[in-house]
Amino acid sequence: MASYYSGFLSCEEPHFLESCSLCRKHLGLNSDIFMYRGDKAFCSKECREEQIESDEAKERKWKNSSRSLRKKSSETKESVAGNTVRTGTLVVA
């Protein structure tokens, strides 16, 4: 069965507006589509919200681990010829 969107793509991957990015439910031509970040389509507000919450949780986890790594690197001490030298690392996101 040919897709309505197949003319827009030359590759074999389905177009992002063909199915929900979360539950993979088919998105009909006359149905509402809920967008997120410009390239993710969802069949319902609930699926969209679930993806947003998941992305926010991943971001919080990444920030916490990044903060932890910066703290550890700034607290690292090395002994060089009897002198204590504090070393630190700058992390830029």
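Reader: What is a nonpolar core?
Author: A nonpolar core is a set of buried Ala, Val, Leu, Ile, Met, Phe, Trp, Tyr and Cys residues joined through side-chain atoms within 4.5 Å. Buried means under 20% relative accessible area, exposed over 50%, and partly exposed in between, with a 1.4 Å probe and protein chains only. This is a predicted model, where local features need pLDDT of at least 70, side-chain atom pairs count only at pLDDT 80 or more, and totals for chains, interfaces and linings use all residues. Residues are numbered from 1 along each chain as its sequence is written, and side-chain values use heavy atoms, leaving out hydrogens and water.

Reader: Which residues make up the largest nonpolar core?
Author: Nine residues do: Leu17, Cys20, Leu27, Tyr36, Ala41, Phe42, Cys43, Cys47 and Ile52. Strand 2 (40-42) and helix 1 (45-75) each give two or more of them. Helices (H or I, at least four residues) and strands (E, at least two) are DSSP runs, numbered from the N terminus.

Reader: Salt bridges next. How many are there?
Author: The whole structure has three. A salt bridge is a side-chain nitrogen of Lys or Arg within 4 Å of a carboxyl oxygen of Asp or Glu. One of them joins Asp55 to Lys40, with the closest N and O atoms 3.9 Å apart. Asp55 lies in helix 1 and Lys40 in strand 2, so this pair ties together parts 15 residues apart in sequence.

Reader: Is Asp55 buried or exposed?
Author: Asp55 is buried, at 11% relative accessible area, while Lys40 is partly exposed at 25%.

Reader: And where does Asp39 lie?
Author: Asp39 is in the loop between strand 1 (34-36) and strand 2. Its relative accessibility is 46%, so Asp39 counts as partly exposed.
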